[in-house]
Amino acid sequence: MAAVDPLVVEGLSLRFGAVEALRGVGFRVGQGEIFGIIGPNGAGKTSLLNVVSGTYRASAGRVHHFGVEGSRQPRHRLAGRGIARTFQNVALFGDLTVLENILVGRHQKMGAGLLSCGFAWPFVRAEARRHREAARAALAFLDLEGVADAHVEALPYGVKKKVELARAIAMEPKLLLLDEPLAGMNAAEKQDIAASIRRIRDRFGTTVVMIEHDIGLVVALSDRVMALDHGEKIAEGAPADVRRDPEVVRAYFGDGGDALDIAGHA
Ligand SMILES: Nc1ncnc2c1ncn2[C@@H]1O[C@H](COP(=O)(O)OP(=O)(O)OP(=O)(O)O)[C@@H](O)[C@H]1O
């Protein structure tokens, strides 16, 4: 039987009063793909990710996760279905340690109660141990073991962003949604995160959908790219083709832009 695509989006529209944040956006993401979403400020990228992850309800259109209609599912159900996301701004608990933050993510996946309950049943202890092992494995995969017991608020921004990624992969997602994973980082940190995203896909076969402003890295990292402008899809395809697409260049730079400009945009 043919594999079902992890994400199929059809005719999505979203309105905020008079603002049409999304207008009839549709696309498909195949198993194990890294799919980049680009577009100038206000293009609708975050709105799209919010609809895909069930945070917002679309005015029209559908989202299918692994063949199941998902746009009306509550967010915690998405976690149980193998979908994890990170946020544009760091969304960790600053007063908890890195390891504790990862365990909170696991908790979301496995359902409430188990980690916090006081029972000493052997199966509960075994379950808690399994969560810890999975959390530590996620940290090790991203070379973060050294900060496992550090409080998140004490960490540099670039490390916090990486911890968010670790928290997401500790949920063992089949589909990973990343909202500007490289934002606010220096060049070395960006390269590190980009390499980590690729390693996650290569090692676990995770499908990745990523919004990102750094066009150079999106093009280098993605298998396919989609560009939005004013809530509409204006291009989709091979990263290098989308970057050169006249509509995309115009969206970023107006009529005076040319393809060389966007090639260097970061
Ligand atoms: N909660 C909201 N209420 C009202 N308008 C909103 C809301 N969220 C987004 N918008 C509007 O919807 C449009 C799309 O915004 P969105 O944040 O999705 O764009 P974006 O491409 O993610 O932008 P950026 O790159 O700046 O993050 C914008 O006009 C924005 O002002």
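Guide: What follows describes the sheet, then the helix across it, then the domains. This is a predicted model, in which local features need pLDDT of at least 70 and side-chain atom pairs count only at pLDDT 80 or more, while totals for chains, interfaces and linings use all residues. Residues are numbered from 1 along each chain as its sequence is written.

The open sheet has 4 strands in the order β2-β1-β4-β5, with antiparallel pairing. Its edge strands, each pairing on one side only, are β2 (19–29) and β5 (68–69). Strands here are DSSP runs of E with at least two residues, and helices are runs of H or I with at least four, numbered from the N terminus. Two strands pair if DSSP finds at least two bridges between them. Between β1 (residues 7–16) and β2 there are 7 bridges, in the antiparallel sense. L12 stands opposite V25 in β2.

Helix α1 (residues 45–52) lies across β1, β2 and β4 (60–65), and runs at about 120° to β1. Axes are lines fitted to C-alpha atoms, for helices over the stretch in contact, with angles from 0 to 180 degrees between N-to-C directions. Contact means that C-beta atoms, placed from the backbone, lie within 7 Å.

As for the domains, the assignment, whose bounds are automatic or from a database, gives domain 1 (1–82 + 173–266) and domain 2 (93–171). Their contact takes 13 residues from domain 1 and 11 residues from domain 2. On the side of domain 1 that touches domain 2, α2 (75–80) and α6 (187–204) each supply at least two residues. The largest share of that side, 4 residues, comes from α6.

Technical notes. Contact = placed C-beta atoms within 7 Å.
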